[in-house]
Amino acid sequence: MERIFITPLAKQIAQINKIDTSSLIGSGPRGRIIKSDVEKVIKNKEFDTSIETKKQASISAEDIKERMETPKIRKLIADKLTLSKSTIPHFYLRKNIYIENLLSVRKSINENLNDKISINDFFIKASAVALAENPDFNIIWEDEHLVKFKASNIGIAISSDSGLYTPTINNVQSKSITEISNEMKALITKANEKSLRGSDFGECAHAISNLGMYGVDNFDVIINPPNSSI
């Protein structure tokens, strides 16, 4: 084995840093490997490691996130609800209600139907009846005056792949649960097919947003302008 000419200090530093001294070129007298030769290798090694670490971090960052273009509908929703939360005083009311009788009625009705009605259909009807019985709540604020609606129109929040829409079911107070259910299903289909039209978004004072089907007990929803309640 060829003898390696290296100073004791340089050899010790090389061993500590696990550097193969056979690959080093000495700059000392007669090609002797000295301390500065070993330190130069250590410095280059640290530099290469730093570059590799940054490279891996960069690759990792690209792997775990993706930049996506924001669809117009989502930007409109964000702007509208940000404005709503910033300018409309929100307060929330909660009440536990026992609905065994409602569930029993729903089960009885669905036994004779191919297209089943949902709990949400009852909520829509109940909201319309409440507005009809309390007309002072069927009101929105418009610039410098109030607007009171004679019909109980209910906005329905529908989530789709392209965004959140709130179309309206009109004259709910005079419609049956089955009629409400059929209209609701038609609006959901339109929302998923991106075929909702301006005529599907009527004026209303109240809207419903329901996440109960996902096991959510309750949540704080944001009023959808120009509605006054949700």
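Mentor: Two strands count as paired when DSSP finds at least two bridges between them. Helices (H or I, at least four residues) and strands (E, at least two) are DSSP runs, numbered from the N terminus. This model is predicted: local features need pLDDT of at least 70, side-chain atom pairs count only at pLDDT 80 or more, and totals for chains, interfaces and linings use all residues. Residues are numbered from 1 along each chain as its sequence is written, and side-chain values use heavy atoms, with hydrogens and water left out.

Trainee: How many bridges join strand 1 to strand 2?

Mentor: Strands of a sheet pair through backbone hydrogen bonds, either parallel or antiparallel. Here strand 1 (residues 139-142) and strand 2 (residues 145-148) run antiparallel, joined by four bridges. I139 has K148 in strand 2 as its bridge partner. Two residues sit between the strands of this hairpin.

Trainee: What is the order of the open sheet of three strands?

Mentor: The order is 6-3-7, with mixed pairing. Strand 6 (168-169) and strand 7 (206-208) are the edges, each pairing on one side only. Strand 3 (residues 154-156) pairs with strand 6 in the antiparallel sense, over two bridges. I154 has I169 in strand 6 as its bridge partner.

Trainee: What does I154 touch?

Mentor: Contact means heavy atoms within 4.5 Å. Leaving out residues up to four places away in sequence, I154 touches residues including I124, L131, I169, V172, H206 and I208.

Trainee: Which residues of the largest nonpolar core touch the most other members?

Mentor: A nonpolar core is a set of buried Ala, Val, Leu, Ile, Met, Phe, Trp, Tyr and Cys residues joined through side-chain atoms within 4.5 Å. The largest has 15 residues, and those touching the most other members are I124, I154, I156, I158, I169, V172 and M184. Helix 5 (119-133), strand 3 and helix 6 each give two or more residues to this core. Helix 6 gives the most, four residues. A second, separate core has nine residues, among them I6, A10, L24 and I33.

Trainee: Where does S195 lie?

Mentor: In the loop between helix 6 (177-192) and strand 7. S195 is partly exposed, with a relative accessible area of 21%. Beyond neighbours within four places in sequence, S195 contacts K190 and D200.

Trainee: How many helices and strands are in the chain?

Mentor: Six helices and seven strands. The pattern along the sequence is α-α-α-α-α-β-β-β-β-β-β-α-β. The radius of gyration is 35 Å, well over the 17 Å from the globule rule for 230 residues, so the chain is more spread out than a compact globule. That radius is taken over C-alpha atoms, and the rule is 2.2 Å times the number of residues to the power 0.38. Along the principal axes, the C-alpha atoms fill a box of roughly 105 × 50 × 35 Å. Of the 230 residues, 28% count as buried.

Trainee: Which residues does the cis peptide bond join?

Mentor: P225 and P226, with omega about 5°. P226 is in the segment after strand 7.

Definitions and conventions: Buried < 20%, exposed > 50% of the residue type's maximum accessible area, 1.4 Å probe, protein only.
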